[in-house]
Amino acid sequence: MAMSGGKDDGSPMMEMNTTPLIDVMLVLLIMFIITIPVATHAVNIDLPNPSAPPPDTIIKRDKNKVVVMPDSSILWNATPMNEGQLLGALQSTLAIKPEPELQFQPDPQAPYDTTAKVLNIIKGSGVTAFGFVGNEQYSEFTRAPGTAKPN
(Lines give C-alpha, C1' and ligand atoms only; values in the text may rest on other atoms or scores of the structure.)
Protein backbone atom coordinates (compact mmCIF):
# COMPACT_ATOMS: atom_id res chain seq x y z
CA MET A 1 0.00 0.00 0.00
CA ALA A 2 1.20 3.43 -0.81
CA MET A 3 1.27 6.09 1.84
CA SER A 4 1.23 9.77 1.34
CA GLY A 5 3.02 11.98 3.81
CA GLY A 6 1.74 15.23 2.33
CA LYS A 7 3.57 17.68 0.21
CA ASP A 8 7.05 18.85 0.92
CA ASP A 9 5.85 22.44 1.27
CA GLY A 10 4.40 21.79 4.75
CA SER A 11 0.70 22.00 3.79
CA PRO A 12 -1.70 19.63 5.61
CA MET A 13 -2.69 16.28 4.05
CA MET A 14 -6.20 16.54 2.55
CA GLU A 15 -6.94 12.83 1.96
CA MET A 16 -9.10 10.82 4.32
CA ASN A 17 -7.55 7.76 5.98
CA THR A 18 -9.93 4.89 4.98
CA THR A 19 -8.15 2.10 6.87
CA PRO A 20 -10.16 2.55 10.12
CA LEU A 21 -13.38 2.76 8.12
CA ILE A 22 -12.63 -0.55 6.37
CA ASP A 23 -11.71 -2.17 9.70
CA VAL A 24 -15.01 -1.09 11.27
CA MET A 25 -16.98 -2.29 8.24
CA LEU A 26 -15.28 -5.73 8.39
CA VAL A 27 -16.03 -6.07 12.11
CA LEU A 28 -19.68 -5.15 11.50
CA LEU A 29 -19.89 -7.63 8.63
CA ILE A 30 -18.50 -10.46 10.77
CA MET A 31 -20.89 -9.60 13.60
CA PHE A 32 -23.80 -9.57 11.15
CA ILE A 33 -22.84 -12.98 9.75
CA ILE A 34 -22.53 -14.47 13.25
CA THR A 35 -25.91 -13.16 14.41
CA ILE A 36 -27.91 -14.43 11.40
CA PRO A 37 -30.01 -17.44 12.47
CA VAL A 38 -29.27 -20.73 10.75
CA ALA A 39 -31.69 -21.32 7.90
CA THR A 40 -33.61 -24.55 8.38
CA HIS A 41 -35.88 -25.86 5.70
CA ALA A 42 -38.84 -27.93 6.81
CA VAL A 43 -41.54 -29.43 4.68
CA ASN A 44 -44.56 -30.19 6.81
CA ILE A 45 -46.57 -33.13 5.53
CA ASP A 46 -50.09 -33.73 6.75
CA LEU A 47 -50.56 -37.46 6.35
CA PRO A 48 -54.07 -38.86 6.26
CA ASN A 49 -55.24 -40.94 9.17
CA PRO A 50 -54.60 -44.60 8.43
CA SER A 51 -57.68 -46.67 7.86
CA ALA A 52 -58.04 -50.35 7.23
CA PRO A 53 -57.45 -51.35 3.62
CA PRO A 54 -60.48 -52.72 1.79
CA PRO A 55 -61.13 -56.38 2.64
CA ASP A 56 -60.31 -57.52 -0.88
CA THR A 57 -56.85 -55.87 -0.76
CA ILE A 58 -54.06 -58.34 -1.39
CA ILE A 59 -50.73 -57.54 0.27
CA LYS A 60 -48.09 -59.64 -1.43
CA ARG A 61 -44.98 -60.78 0.41
CA ASP A 62 -42.53 -60.08 -2.45
CA LYS A 63 -43.70 -56.91 -4.18
CA ASN A 64 -46.72 -54.61 -4.31
CA LYS A 65 -47.59 -52.05 -6.96
CA VAL A 66 -49.15 -48.61 -6.53
CA VAL A 67 -50.57 -46.98 -9.65
CA VAL A 68 -52.00 -43.46 -9.96
CA MET A 69 -54.61 -43.28 -12.71
CA PRO A 70 -55.59 -40.26 -14.89
CA ASP A 71 -58.85 -39.86 -12.93
CA SER A 72 -56.82 -39.41 -9.67
CA SER A 73 -57.73 -42.87 -8.41
CA ILE A 74 -55.09 -44.88 -6.54
CA LEU A 75 -54.72 -48.60 -7.23
CA TRP A 76 -52.93 -51.04 -4.90
CA ASN A 77 -52.28 -54.25 -6.83
CA ALA A 78 -55.24 -53.28 -9.09
CA THR A 79 -57.53 -52.65 -6.06
CA PRO A 80 -58.86 -49.06 -5.81
CA MET A 81 -58.35 -47.31 -2.47
CA ASN A 82 -58.22 -43.83 -0.94
CA GLU A 83 -55.23 -42.13 0.70
CA GLY A 84 -56.05 -43.35 4.22
CA GLN A 85 -56.40 -46.94 3.04
CA LEU A 86 -53.10 -46.60 1.14
CA LEU A 87 -51.37 -45.54 4.35
CA GLY A 88 -52.91 -48.51 6.17
CA ALA A 89 -51.72 -50.90 3.47
CA LEU A 90 -48.22 -49.40 3.58
CA GLN A 91 -48.08 -49.85 7.35
CA SER A 92 -49.20 -53.46 6.90
CA THR A 93 -46.24 -54.10 4.59
CA LEU A 94 -43.82 -52.78 7.22
CA ALA A 95 -44.85 -55.65 9.51
CA ILE A 96 -43.71 -58.22 6.93
CA LYS A 97 -40.07 -59.31 7.22
CA PRO A 98 -38.26 -58.90 4.88
CA GLU A 99 -40.12 -55.81 3.73
CA PRO A 100 -41.77 -56.35 0.33
CA GLU A 101 -40.72 -54.11 -2.53
CA LEU A 102 -43.12 -51.27 -3.33
CA GLN A 103 -43.31 -50.37 -7.00
CA PHE A 104 -44.73 -46.96 -7.94
CA GLN A 105 -46.05 -46.38 -11.45
CA PRO A 106 -48.01 -43.19 -12.11
CA ASP A 107 -49.89 -43.04 -15.39
CA PRO A 108 -48.42 -40.44 -17.80
CA GLN A 109 -51.74 -38.57 -17.71
CA ALA A 110 -52.13 -38.75 -13.90
CA PRO A 111 -52.50 -35.38 -12.16
CA TYR A 112 -49.28 -34.13 -10.65
CA ASP A 113 -51.04 -33.13 -7.41
CA THR A 114 -52.30 -36.67 -6.77
CA THR A 115 -48.93 -38.18 -7.69
CA ALA A 116 -47.13 -35.82 -5.28
CA LYS A 117 -49.60 -36.63 -2.48
CA VAL A 118 -49.11 -40.37 -2.97
CA LEU A 119 -45.30 -39.93 -2.93
CA ASN A 120 -45.57 -37.92 0.31
CA ILE A 121 -47.70 -40.66 1.87
CA ILE A 122 -45.15 -43.29 0.82
CA LYS A 123 -42.28 -41.20 2.17
CA GLY A 124 -44.03 -40.50 5.45
CA SER A 125 -44.98 -44.14 5.98
CA GLY A 126 -41.36 -45.22 6.39
CA VAL A 127 -41.25 -47.65 3.47
CA THR A 128 -37.64 -48.34 2.49
CA ALA A 129 -37.92 -50.90 -0.32
CA PHE A 130 -39.26 -48.52 -2.96
CA GLY A 131 -38.78 -48.11 -6.69
CA PHE A 132 -40.24 -46.47 -9.77
CA VAL A 133 -41.36 -48.71 -12.63
CA GLY A 134 -42.41 -47.89 -16.16
CA ASN A 135 -39.85 -45.14 -16.73
CA GLU A 136 -38.19 -47.12 -19.50
CA GLN A 137 -40.95 -45.96 -21.87
CA TYR A 138 -39.47 -42.46 -21.60
CA SER A 139 -35.89 -43.49 -22.33
CA GLU A 140 -35.99 -42.11 -25.88
CA PHE A 141 -37.20 -38.59 -26.56
CA THR A 142 -37.64 -39.02 -30.29
CA ARG A 143 -40.77 -41.14 -30.06
CA ALA A 144 -44.01 -41.00 -28.14
CA PRO A 145 -44.72 -43.63 -25.47
CA GLY A 146 -46.44 -46.71 -26.88
CA THR A 147 -45.23 -46.29 -30.46
CA ALA A 148 -43.14 -48.90 -32.22
CA LYS A 149 -39.36 -48.53 -32.32
CA PRO A 150 -37.96 -47.49 -35.70
CA ASN A 151 -35.86 -50.15 -37.46
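**Terms and cut-offs, tested residue by residue**

Biologist: Why is Ala78 called exposed?
Modeller: Ala78 has a relative accessible area of 68%. Exposed means over 50%, buried means under 20%, and partly exposed is in between (1.4 Å probe, protein chains only). So Ala78 counts as exposed.

Biologist: What kind of model is this?
Modeller: This is a predicted model; local features need pLDDT of at least 70, side-chain atom pairs count only at pLDDT 80 or more, and totals for chains, interfaces and linings use all residues. Residues are numbered from 1 along each chain as its sequence is written, and side-chain values use heavy atoms, with hydrogens and water left out.

Biologist: What makes the phi of Ala78 worth a note?
Modeller: Its phi is positive, about 70°, although Ala78 is not a glycine. Most residues other than glycine have a negative phi. Ala78 sits in the loop between S2 and strand S3 (79-81). Strands are DSSP runs of E with at least two residues, helices are runs of H or I with at least four, and both are numbered from the N terminus.

Biologist: What is the phi of Ser72, and where is Ser72 found?
Modeller: Phi of Ser72 is near 70°, again positive in a residue other than glycine. Ser72 is in the loop between strand S1 (63-68) and strand S2 (74-76). At a relative accessible area of 34%, Ser72 is partly exposed.

Biologist: Which peptide bond is cis?
Modeller: The bond joining Lys97 and Pro98, with omega about -10°. Pro98 lies in the loop between helix H2 (83-94) and S4. Most peptide bonds are trans.

Biologist: How many aromatic pairs does the structure hold?
Modeller: Three. In one of them, Phe104 and Phe132 have ring centres 5.8 Å apart and planes at 75°.

Biologist: Why is the pair of Phe104 and Phe132 called edge-to-face?
Modeller: Rings of Phe, Tyr and Trp (its six-membered ring) pair if their centres lie within 6.5 Å; planes under 30 degrees apart are stacked, over 60 edge-to-face, the rest tilted. With centres 5.8 Å apart and planes at 75°, the pair is therefore edge-to-face. Phe104 lies in strand S4 (residues 101-106) and Phe132 in strand S5 (residues 130-132), so the pair ties together parts 28 residues apart in sequence. Phe104 is buried at 0% relative accessibility, whereas Phe132 is partly exposed at 48%.

Biologist: Which residue also pairs with Phe132?
Modeller: Phe130, edge-to-face, with 5.2 Å centre to centre and 75° between the planes. Phe130 is partly exposed, at 30% relative accessibility. Phe104, Phe130 and Phe132 form one aromatic cluster.

Biologist: How do you know that Lys117 forms a salt bridge with Asp113?
Modeller: A salt bridge needs a side-chain nitrogen of Lys or Arg within 4 Å of a carboxyl oxygen of Asp or Glu. Here the closest N and O atoms are 3.4 Å apart, so the pair qualifies. Both residues lie in helix H3 (residues 112-125), four residues apart, about one turn of the helix. Lys117 is partly exposed at 38% relative accessibility, and Asp113 is partly exposed at 47%. The whole structure has one salt bridge.

Biologist: What makes the largest nonpolar core?
Modeller: A nonpolar core is a set of buried Ala, Val, Leu, Ile, Met, Phe, Trp, Tyr and Cys residues joined through side-chain atoms within 4.5 Å. The largest has 16 residues; those with the most contacts inside it include Val66, Trp76 and Leu90. S1, S2, H2, S4 and H3 each supply at least two residues. H2 gives the most, with four.
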